[in-house]
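Colleague: Could you walk me through this model? I would like to take it one topic at a time.
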Amino acid sequence: MSDEPPGPDRSTKKARSITGKSPMRIAMGRLMRDKIAVVCLATVVFFVLIAIFAGVLQRLFGVDTNTVLPSQFLDLDGIPRPEYGPPYGAFTMEHPFGIAPRTATDNLAFWLEGARNSLEIATLATIVATVVGITLGLLAGFLGGVVDKVISFITDFFLTLPFLLAALTIAPIVSERFRDSANYVTIQVVQLVLVLAFFGWMGLARLIRGEVLSLREREFIQAARVLGMPTRRVLTRELMPNLAAPIVVSTSLMLPAFVSAEAGLAFLGIGITSRPSWGQTLTQATSFFNDYSLYLWQPLLGIVALVLALNLLGDAVRDALDPKTRR
């Protein structure tokens with residue numbers, strides 16, 4: 001018979017593994033054990049790398065967004081189509097995604113540029129909307145009184161405004177006003193980011209306000225007030241760490257919404273028109289669906305894969321940060 005003491009049971013091992021870990025580390029561990037979340041995270045990282053290194057990848061494949069072979073066309077049923085590259089020609093590494101009809105531009109170059117522009121605009125809009133939502137939600141929930149009423153009224157007012165109608169109104173005005181400007185491309189991007197952000201912060205602001213209304217009555221906040229801690233320090237040092245979970249969840253769900261919105265606006269012709277976009281490619285490809293479906297499926301699959309991965313990853317992050325959830 002062995003003199004060694006019996007080993008700890010399973011519950012004791014689990015308790016020891018959790019001991020000393022912060023809530024964020026526990027949430028990350030739960031997230032990494034979710035196979036779907038890991039696949040979605042890998043997909044998002046893949047698109048982020050494409051967005052960052054789009055120019056490098058274009059040089060690597062030797063493609064660009066300029067017209068490449070304008071003379072090599074095959075006229076079928078009155079529609080000029082490229083006969084070089086798929087689907088009308090053999091596959092070639094010079095143009096792996098084929099060549100666009102009518103314009104003879106490289107599909108891969110436009111796909112890479114579209115991925116970069118979609119993620120760039122959606123990320124900027126998410127950052128702006130998150131900052132606005134957190135600021136107004138903190139002020140409304142913590143200060144209360146007149147400040148809360150004013151901010152709540154502004155939030156409700158923005159919620160009543162139709163997003164698509166506002167975009168349809170603002171885009172033509174900006175295009176007409178700054179069309180001849182040297183910074184027209186930058187102005188168009190800034191305008192789209194602001195439109196997306198100003199119609200996307202309200203949900204986060206309401207969420208933060210509700211959380212702050214609950215937290216401000218807790219003992220640690222009351223103790224900070226009694227000690228004479230400045231309001232700015234209470235908001236940043238005491239409340240913000242306790243709001244990390246809802247902020248992360250809201251941001252992770254806001255990003256795919258903005259990716260879809262950017263593509264939708266570009267499809268309608270009121271988004272980014274001065275740079276390649278997945279939405280623009282969809283608009284041009286709809287008339288070629290019967291004869292050249294590859295031209296339509298390339299940007300469509302990119303949008304679906306990115307938005308689906310972001311949504312599922314956001315759901316997984318929400319479940320991982322929720323201590324009541326058992327996966």
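Colleague: What is the average pLDDT of the chain?
Modeller: This is a predicted model, and its chain averages a pLDDT of 79, with 83% of the residues scoring at least 70.

Colleague: And which elements have the lowest and the highest mean pLDDT?
Modeller: Strand 1, residues 73-76, has the lowest mean at 48, whereas helix 3 has the highest at 91. Where pLDDT is low, the predicted coordinates should not be read in detail.

Colleague: Okay, on to the largest nonpolar core: which residues touch the most other members?
Modeller: That core holds 74 residues, and those touching the most other members are Leu138, Leu196 and Leu239. The element that gives the most to this core is helix 5, residues 107-143, with 13 residues.

Colleague: Which residues is leucine 138 in contact with, leaving aside neighbours within four places in sequence?
Modeller: With those neighbours set aside, leucine 138 is in contact with Leu143, Ile208, Val212, Leu235, Leu239, Met240 and Leu243.

Colleague: Changing topic, how much space lies in the second largest pocket?
Modeller: The second largest pocket has about 200 Å³ of space. Helix 3 (35-52), helix 12 (244-268) and helix 14 (293-321) are the elements that each give two or more residues to its lining.

Colleague: Which of them gives the largest share of the lining?
Modeller: The largest share comes from helix 14, which gives 4 residues. Among the lining residues of this pocket are Leu41, Thr126, Ser252 and Val317.

Colleague: How many of the lining residues are nonpolar, polar or charged?
Modeller: By class, the lining of the second largest pocket has 8 nonpolar and 4 polar residues, and no charged ones.

Colleague: Now leucine 282: where does it lie, and is it buried or exposed?
Modeller: Leucine 282 lies in helix 13, residues 278-285. Leucine 282 counts as buried because its relative accessible area is 11%, and the cut-off for buried is under 20%.

Colleague: What does leucine 282 contact, apart from neighbours within four places in sequence?
Modeller: Apart from those, leucine 282 is in contact with Phe267, Leu296, Pro299, Leu300 and Ile303. The C-alpha atom of leucine 282 is separated by 9.5 Å from that of glycine 264, which is 18 residues apart from it along the chain.

Colleague: Last one, serine 277: where is it, and why does it count as buried?
Modeller: Serine 277 lies in the loop between helix 12 and helix 13, and it counts as buried because its relative accessible area is 1%. Leaving aside neighbours within four places in sequence, serine 277 is in contact with Gly114, Glu262, Ala266 and Ile272.

Definitions and conventions: Residues are numbered from 1 along each chain as its sequence is written. This is a predicted model: local features need pLDDT of at least 70, side-chain atom pairs count only at pLDDT 80 or more; totals for chains, interfaces and linings use all residues. Side-chain values use heavy atoms; hydrogens and water are left out. On a 1 Å grid over the protein atoms alone, a cavity is a set of points where a 1.4 Å probe fits but cannot get out, and a pocket is an open set with protein on both sides within 12 Å along at least five of seven lines; lining residues have an atom within 4 Å of a point. Grid points are joined across faces, edges and corners, and a volume is the space filled by probe spheres set on the points. Ala, Val, Leu, Ile, Met, Phe, Trp, Tyr, Cys and Pro count as nonpolar, Asp, Glu, Lys and Arg as charged, and the others, Gly among them, as polar. Buried means under 20% relative accessible area, exposed over 50%, partly exposed in between (1.4 Å probe, protein chains only). Contact means heavy atoms within 4.5 Å. pLDDT is the predictor's confidence in each residue, from 0 to 100. A nonpolar core is a set of buried Ala, Val, Leu, Ile, Met, Phe, Trp, Tyr and Cys residues joined through side-chain atoms within 4.5 Å.
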